[in-house]
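Please consult the sequence and the model first.

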Amino acid sequence: MQLSFLGAAGTVTGSKYLVTSDRGRVLVDCGLFQGYKTLRLRNWAPPPFNATTLDAAILTHAHLDHSGYLPLLVRNGFKGPVFCTDATADLCKILLPDSGRLQEEDAERANRRGYTKHKPALPLYGERDAVRALERLVAKPYDEEFEIAPKLNARFSPAGHILGSACIQLSNGKTRIVFSGDLGRPNDPIMRPPSPIEFADYLVLESTYGDRRHEPSEPHLAFGEVISRTVKRGGVVVVPTFAVGRAQSLLYCIRRLKQEGRIANDLPVFLNSPMARDVTEIYHKHRAEHRLTREQCESMCNVARIVNSVDESKALNESGGPMIILAGSGMATGGRVVHHLKAFAPDPKNTIAFAGFQAGGTRGAQMLAGAETVRIHGADVPVRAEVVALGNLSAHADYAEILDWLGHFRTAPKKTFITHGEPSASDALRARISQSMGWTCQVPEHLDQIDLGN
């Protein structure tokens, strides 16, 4: 067997791994690169594999840095199944067409307003490409082994990151490879903890927060302090938000803050995401994967008014505060939130709050690093608003939580590959695992190929 690192090596996005055996070729994850331009250009380049020769693909979860390249994979000739959990399939049916639609809208806007160097600007893929890709999805339950390619079996285990997220075990009967995917947190207020895994010959492990610990405080309290001081200034809190996972966690926090009287019950909250209502239904459908009751789900989702139309979204930019706006995308790389940043970032009474990891090169990372301006739609927008990070709302395990999860392994893998992290985070986690557990670890580079033997 051979393992090739085609994404998420040296970076936190673009997750793709190719497993090759004498019987088959399987792509594990199929994500988009985000952040720095040098990474984003990889999305446009010919892939380092022949899509027509793949037997299958398999997804750890639905976030676009793990699934967003699927429309291109299918357009490039892939005709095999894409295995995933049931909830991942449901979420991809929302996220992928939305991704294609947003890219088409961005290209159309760039051409209409003339701020593109490309003549004409084109989307990476469109909504029709995404819909075609959905036809390849094949849902499988957790904890049941199935054949993914000749003499190669797979199994999903709950990863606790978002609905449908999974660790993947691949085995040819002699060698077992485990891919952690994105690991959730053991005490997340919404998601159930990741399931323990006891054995792997080789482990591919994420390291998004491999160099840091999350704050021990209740996550909603820090968010409440940000909201309170912004409200006192008469300002607007804008939160760039992933529509799946992060949006629900934020809504849950806001509901708690209102119930506990920490913020005013009549403080307006807007969820600027047309797909939000569909995501809520998926939470009801997959109740076994999270801790919330039906009543808590309803309460969480009713705390905000869902903004459906573009006109409603534009109207928010002309409204005065105080109010809270949650809008995609989570790293401010696109979507409706960039329009809100144009409107509210220049005013010091407002706050831009980032509630999760910001990959290098994204607007979110630039703003958290203290950028005085950010480039939006061909113009430099001043950043005078307060900019804060709400790190304790992350859906990723920190290094201590990762080490606790690794403690369930009965024996050390032959080798652990540290991926899906910025270089400093990956190397820090490598050192911690090597020193505290005595495991053999490696931080692979982009396009590395590793021979795993039989």
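**Cavities and helix packing**

Student: By class, how many nonpolar, polar and charged residues does the lining of the largest cavity have?

Tutor: This is a predicted model, in which local features need pLDDT of at least 70, side-chain atom pairs count only at pLDDT 80 or more, and totals for chains, interfaces and linings use all residues. Residues are numbered from 1 along each chain as its sequence is written, and side-chain values use heavy atoms, without hydrogens or water. A cavity is a set of points, on a 1 Å grid over the protein atoms alone, where a 1.4 Å probe fits but cannot get out, and lining residues have an atom within 4 Å of a point. With Ala, Val, Leu, Ile, Met, Phe, Trp, Tyr, Cys and Pro as nonpolar, Asp, Glu, Lys and Arg as charged, and the others as polar, the lining has eight nonpolar, five polar and two charged residues.

Student: Which residues lie nearest the centre of the largest cavity?

Tutor: The volume of this cavity is about 100 Å³. Of its 15 lining residues, those nearest the centre are His161, Gly245, Arg246, Ser249 and Ala395.

Student: Is H10 roughly parallel or roughly antiparallel to H11?

Tutor: Helices are DSSP runs of H or I, at least four residues long; here they are H10 (residues 310-317) and H11 (residues 337-344), whose axes lie 9 Å apart at an angle of about 20 degrees. Axes are fitted to C-alpha atoms over the stretch in contact, and angles run from 0 to 180 degrees between N-to-C directions. Angles under 35 degrees count as roughly parallel and those over 145 as roughly antiparallel, so H10 and H11 are roughly parallel.

Methods:
Helices (H or I, at least four residues) and strands (E, at least two) are DSSP runs, numbered from the N terminus. Angles under 35 degrees count as roughly parallel, over 145 as roughly antiparallel, 65 to 115 as roughly perpendicular and the rest as oblique. On a 1 Å grid over the protein atoms alone, a cavity is a set of points where a 1.4 Å probe fits but cannot get out, and a pocket is an open set with protein on both sides within 12 Å along at least five of seven lines; lining residues have an atom within 4 Å of a point. Grid points are joined across faces, edges and corners, and a volume is the space filled by probe spheres set on the points.
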